[in-house]
Amino acid sequence: MADNKFAAYICSGCGIGDTLDIAGLEKIATREGKMALVKSHPFLCNAEGVQLIKDDIEKEAVTHICVAACSRRAKTEAFNFPTVSMSRANLREGVLWVVAEGAEHDEVRQEMAEDYIRMGCAEVKKMSLPQGNAKRDQTQNKTILVVGGGMSGMTAALASAEAGYEVALVEKTAALGGFAGKLWKRVPFSSPYADPQATGVAEMAAKISANGRIKVHLNTTVAETGGAPGRFKVKLAQESGVVNDMTVGAIIQASGFTPYDMAKLPELGAGQANVVDQAGLEAMACAANGGAIKRADGKEVKSVVFVQCAGQRDETGTHLAYCSGHCCATSIKQAMYFKDANPEVDTVVVYDDLRVPGMGEDFYRSAQKKGVVFTKGKASKVTGGDSCKVEFTDLILDEPTSVDADLVVLATGQVANAGVNLDAWTEVNTAAEGGNEEAKQKRSEMKTISVLNLDYRQGPDVPQFKYGFADSHFICFPYETRRTGIYAAGPMRRPMDMLQATEDATGAAMKAIQAVENAAQGRAAHPRAGDLSYPIVRLEGCTQCKRCTVECPFGAIDEDEKRFPVFNEERCRRCGTCMGACPVRVISFENYSCDTVGMQVKAVNVPDEDEEKPRILILACENDAYPALDMAGVQRLTYSAYVRAIPVRCLGSVNTIWITDALNQGFDGVMMMGCKKGDDYQCHFVKGSEMAYYRLSKIGDTLTQLGLEPERVVTEEVAITDNARVAKLINDYAAQLNDLGLSPMKGFG
Amino acid sequence: MSDLNTQAVARYKNNFLREVEERVEEGNMVKMCMQCGVCAGSCPFGPHWQHSPQKIFMMIRAGKREELLTSDSMWMCTSCYNCIVRCPRKLPITHIIHGLANYAHRLKLVPKGQPTRDVTKLFWDNLMKVGRINELTFSLALYFKDGLVQGIKNSLAMQSAGLGLLKAGRLNPMEIFGGHKCKEQSGIHRMIAKAREIEDGRRGLLA
Amino acid sequence: MAKKQYAFYPGCSSQKGASAANYIASFGVMCDKLGIQLNEVPDWNCCGASIGYGEGGELPRMVLNARNLAIAEKELPGQDIVSGCPACWLGLREAVDRLHEHPQMKTDTNEALKEVNLTYQGTSNAKARHMTEVLIEDIGYEAMKAAVVKPLDGVKIAGYVGCQANRPYGIAGESFENPLYLDRMIEAVGAEAVPYEQKVACCGGALAFSEPEKSQNLIRQIVESAYDNGADMIATPCPLCQANVEIYQAEINKKHGTKLAMPVLYYSQLLSVAFGGSIKEAGLNGQLLRAEQLEKIAGK
Ligand code: SF4
Ligand code: SF4
Ligand code: SF4
């Protein structure tokens with residue numbers, strides 16, 4: 001490898017040169033940053049400026065550059081030099097735009113800029129160019145496995161095949177269609193949203209069998225899944241007992257839902273004659289085939305009552321706590337079955353809130369026009385029999401009342417078919433591994449509902465979120481499960497209707513395609529899509545503590561027989577949580593490591609006590625907090641010139657060594673800014689910010705040992721929209737530190 | 001109870017919604033209400049309604065016929081049209097309320113002495129006389145609708161206003177002898193009688 | 001310049017010696033200066049007003065209005081039918097709409113109209129309009145401004161649009177919650193439009209007769225809000241609003257010990273004064289609560 005050559009380029013455009021002493025900065029880059037080449041330019045991002053850098057790379061054999069200009073998030077197209085390592089010193093958003101104007105601030109402003117130059121130079125010296133996953137020749141499989149042959153699965157299979165990918169579609173029953181296949185009609189997908197439509201299942205199934213790229217496996221389940229994106233190894237078990245091995249590139253799990261067991265609702269007439277759930281009504285409608293719907297006793301239904309939210313949105317903790325989202329529209333559709341066959345049938349829908357997403361309002365209005373009566377009420381009791389009775393509280397007239405009918409339909413909810421709950425599993429599995437026979441027995445029972453039977457050390461299925469649905473970030477990245485290369489589609493990830501399920505399936509197919517393409521090129525998947533770096537571990541130093549294996553949010557790390565970590569690069573999302581977790585710091589990325597950040601911390605010039613200039617280190621998540629800081633600059637909100645901000649991939653990647661080093665060096669405070677954690681997390685790496693909080697909770701002792709107050713290290717949740725708040729947080733913290741006084745560690749560092 | 005009411009009960013059994021749809025002005029829109037409550041919150045007389053428009057529409061669906069038609073709720077409408085322009089479902093609420101009031105009145109179910117009902121009747125009778133409203137005879141009739149004694153009290157209470165209007169040239173004492181009128185009075189009488197006959201026929205209200 | 005021709009439907013309250021006599025009085029100067037010619041519909045009858053429903057029912061009300069429309073159609077062909085009273089306007093416009101939308105109702109209506117030897121065709125483009133629509137849409141604020149000879153300088157006016165001049169039809173392009181046309185007319189004549197909360201509130205309408213307590217509560221809020229926001233007077237496009245809000249102030253004072261005495265004018269009176277009309281021509285002598293500021297301007 002050729003020798004490394006370092007260069008720094010300082011931009012004086014955008015007003016930087018008017019306010020900062022560029023010559024002074026150049027001097028810092030040369031003397032302290034030890035850059036071989038240091039140049040400034042009045043407009044670095046224009047063609048001429050960019051050419052200047054390119055020429056140096058070509059003619060001067062520059063291998064590492066520090067661009068001191070705007071934020072690393074700006075001008076990424078201009079400053080795109082794929083053949084060299086690059087750091088960015090943020091002089092514009094990070095200094096010029098956030099430090100108060102005026103000559104009285106010149107000194108601190110210049111000091112801030114100088115530090116960012118020092119930090120940029122220090123960082124780039126520790127970086128090397130990522131080479132991509134070395135094993136990518138083994139991750140070239142691009143077949144997409146779709147598990148589940150219902151509406152979501154069929155849609156995903158067709159979408160993938162139409163995009164040119166081979167598909168294996170696995171369905172455990174003898175026919176495609178899933179729940180949709182049992183319906184008489186579906187809620188309309190298209191304008192005018194006035195009448196039920198044919199389900200479309202038969203057409204889809206025909207399209208699938210006519211598509212040469214899709215291979216359908218009926219009566220088949222997934223007996224085992226191992227590997228990683230681009231090289232998943234699956235065993236497909238047929239009912240007959242035959243097991244086929246196959247390799248696939250990505251997996252779409254579309255395992256659907258099961259209706260909530262109505263037997264759990266005896267107070268709503270479960271088990272009594274002529275009380276059915278929505279699935280039961282579909283069967284009756286299929287039997288009627290468009291004619292009058294008849295009860296089990298053969299009597300034609302002349303009046304029907306639909307009871308919404310049966311066993312749903314339950315606040316007592318007995319039944320489903322959530323709204324299944326589809327069942328209001330489903331009841332509207334089913335009421336139309338009756339009205340369309342015979343307008344004289346009395347149809348009453350007893351609802352609390354009528355929730356009809358999408359174009360459902362039109363459908364609702366259409367039902368009203370057809371004469372379906374909607375009564376706002378809460379049902380308390382249903383009695384079945386020849387003449388059924390629904391007792392309810394009328395919520396508008398505020399009184400108990402009742403209505404009689406030939407048939408009662410309960411709108412029960414969706415229970416996800418998401419497989420094994422990993423929290424429960426881990427507990428049982430640990431006991432089983434410890435030799436507990438009972439636990440072993442329990443473990444194999446639990447496994448019977450597994451969908452994927454993953455051989456991952458983290459358990460056999462994708463992790464679940466609330467209420468047994470598969471975790472998939474509901475705001476920013478639906479379909480992404482916490483297992484890279486495995487995508488969730490349809491009501492197994494959140495309750496939804498059929499139209500939403502088809503949209504979901506299309507989205508998941510796109511994700512799966514991305515995953516196989518990235519794996520084939522040795523790159524990361526979402527959210528650092530295209531990143532060629534991956535964790536490199538110096539196993540010689542590893543103490544087999546297992547922290548990385550446990551803390552990796554994506555189950556990327558297995559263990560070998562000797563309990564050393566085995567990285568599955570293709571499963572890795574490049575968050576660096578493992579790096580933050582490792583107590584002996586043996587995990588790193590080529591362009592992001594304990595050193596790239598650690599050396600930046602060390603590069604900061606911490607003034608002596610008598611200068612009375614505190615220093616605050618900010619470790620800001622690059623996904624939300626750092627952009628918010630930039631935006632604060634764009635809006636010209638000012639904050640303390642004593643802060644030095646370093647972007648991190650995720651708070652999860654923060655190694656506590658950075659914090660203790662900073663404090664030892666005389667920093668007065670450390671702020672960590674990351675995404676929201678917990679149940680409604682916003683962390684782009686799911687668990688990263690949570691891990692940071694957890695680790696920080698243990699840092700207290702260290703602080704006390706150093707004789708420092710716990711307030712010297714704080715953690716804040718910051719969203720990307722928090723630009724104003726982030727400036728205030730900084731200023732408030734600076735004021736708080738002012739009250740606390742300067743760090744006693746100064747001068748010892 | 002009137003014969004018309006007995007006939008209606010027999011005809012519609014318990015289907016009050018259908019009765020309203022067939023017999024009340026714009027009644028076929030009642031079913032489109034989504035119970036949001038915006039109308040109830042928009043009415044200037046909101047607190048005075050025994051049953052708000054929202055509740056009225058629910059009562060119709062719930063078959064609370066007697067309770068609704070004998071209540072004085074529909075008589076609280078000032079015709080401000082607030083509800084109409086705000087209803088997300090575009091129900092012609094004002095017209096439905098007017099229609100319900102009219103229907104209850106036709107069926108003789110309105111409580112005795114309901115003041116708005118009395119005013120609307122006096123108004124219509126006054127206009128029917130000569131084809132136009134005679135404000136003087138209308139006001140006098142209003143003041144004396146509860147009898148002579150109450151009438152004198154009412155007139156005295158509003159005496160200053162009356163005198164003021166008189167002085168301002170906005171109340172003409174000569175109107176008591178006739179005043180403005182249409183030339184084609186008898187034609188108008190026949191026309192209205194015909195209209196009512198047609199409407200009653202359409203609504204099944206002919207005895 | 002030839003005057004713009006309109007069929008005119010005054011309505012019961014706007015007759016000589018009736019409660020809105022001051023309103024109609026002020027039309028003279030206003031229309032004259034703006035080149036508007038109003039041609040009264042011969043032998044018109046009452047529109048049924050908003051209170052006629054109780055006894056009247058739907059078809060009789062339609063027929064009452066259809067008779068007026070049919071006469072206008074016959075005698076004043078092609079002319080828009082204009083009224084100064086929102087309730088009349090509403091009755092006419094509602095009839096035009098419903099007879100247009102429901103062929104059955106039109107047939108029934110014409111059946112009844114046979115009794116007076118009339119037929120309503122409804123085939124011309126003639127519209128039912130409120131006087132303010134004519135001013136705003138056919139004349140325009142600029143032309144109104146241009147006709148001003150005595151600007152109402154320094155007069156603070158709370159524009160009270162009320163209900164039926166605003167809902168359910170209202171003026172095209174205006175919002176129901178905060179229509180601006182009245183304020184703009186007030187400003188066109190040089191007065192100051194005072195913002196206040198009760199601009200589109202209800203005065204009780206015809207229920208001022210039957211439910212006086214409840215209605216007077218509303219009236220009191222309207223007048224007090226105008227006072228609180230510094231208005232010298234209220235201006236409205238509706239005879240019932242004008243009468244209710246003006247007449248009952250004394251009544252409210254008597255019952256509640258308040259000292260309400262806010263003049264309530266018509267927009268047309270403002271225009272009339274600004275266009276140079278005398279006290280009498282502007283109908284200012286027809287006020288129960290005299291608008292002295294305007295009288296001073298008109299008397300100059
Ligand atoms: S969709 Fe409707 S019925 Fe279903 S749970 Fe939600 S609110 Fe209840
Ligand atoms: S913790 Fe993050 S960076 Fe480390 S292996 Fe897991 S996904 Fe990759
Ligand atoms: S505003 Fe309309 S939809 Fe809402 S409750 Fe009233 S009538 Fe019903």
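Around ligand 2 in this predicted model there are 15 residues, and those that come nearest are Cys552(A), Cys572(A), Cys575(A), Gly576(A) and Cys578(A). By class, the shell around ligand 2 holds eleven nonpolar, two polar and two charged residues.

The domain assignment divides chain A into domain 1 (1-129), domain 2 (141-256 + 462-520), domain 3 (259-416), domain 4 (529-587) and domain 5 (606-749).

Next comes the interface of domain 2 with domain 4. The centres of these two domains of chain A, taken over C-alpha atoms, are 30 Å apart. Ten residues of domain 2 of chain A make contact with ten residues of domain 4 of chain A. The size of an interface is often expressed as the accessible area lost when the parts come together. Between domain 2 and domain 4 of chain A, about 810 Å² is buried, with 38% given by carbon and sulfur atoms. On the domain 2 side, Arg231(A), Arg482(A) and Thr484(A) supply 47% of the area buried against domain 4, more than any other three residues.

Two salt bridges are counted between domain 2 and domain 4 of chain A. The side chains of Arg573(A) and Glu480(A) form a salt bridge at 3.4 Å, N to O. Seven residue pairs are in polar contact between the two domains. The side of domain 2 that touches domain 4 has two nonpolar, four polar and four charged residues.

Chain A and chain C have no contact, and their closest C-alpha atoms are 18 Å apart.

Note on methods: Residues numbered from 1 in each chain as written. Chains lettered and ligands numbered in written order. Predicted model: local features only at pLDDT ≥ 70, side-chain atom pairs only at ≥ 80, totals over all residues. Heavy atoms only, no water. Contact = heavy atoms within 4.5 Å. Near = heavy atom within 4 Å. Nonpolar A, V, L, I, M, F, W, Y, C, P; charged D, E, K, R; others polar. Domains from an automatic or database assignment. Buried area = accessible area lost by both parts, 1.4 Å probe. Salt bridge = Lys/Arg side-chain N within 4 Å of Asp/Glu carboxyl O. Polar contact = N/O pair within 3.5 Å; in protein donor to acceptor, adjacent residues only side chain to side chain.
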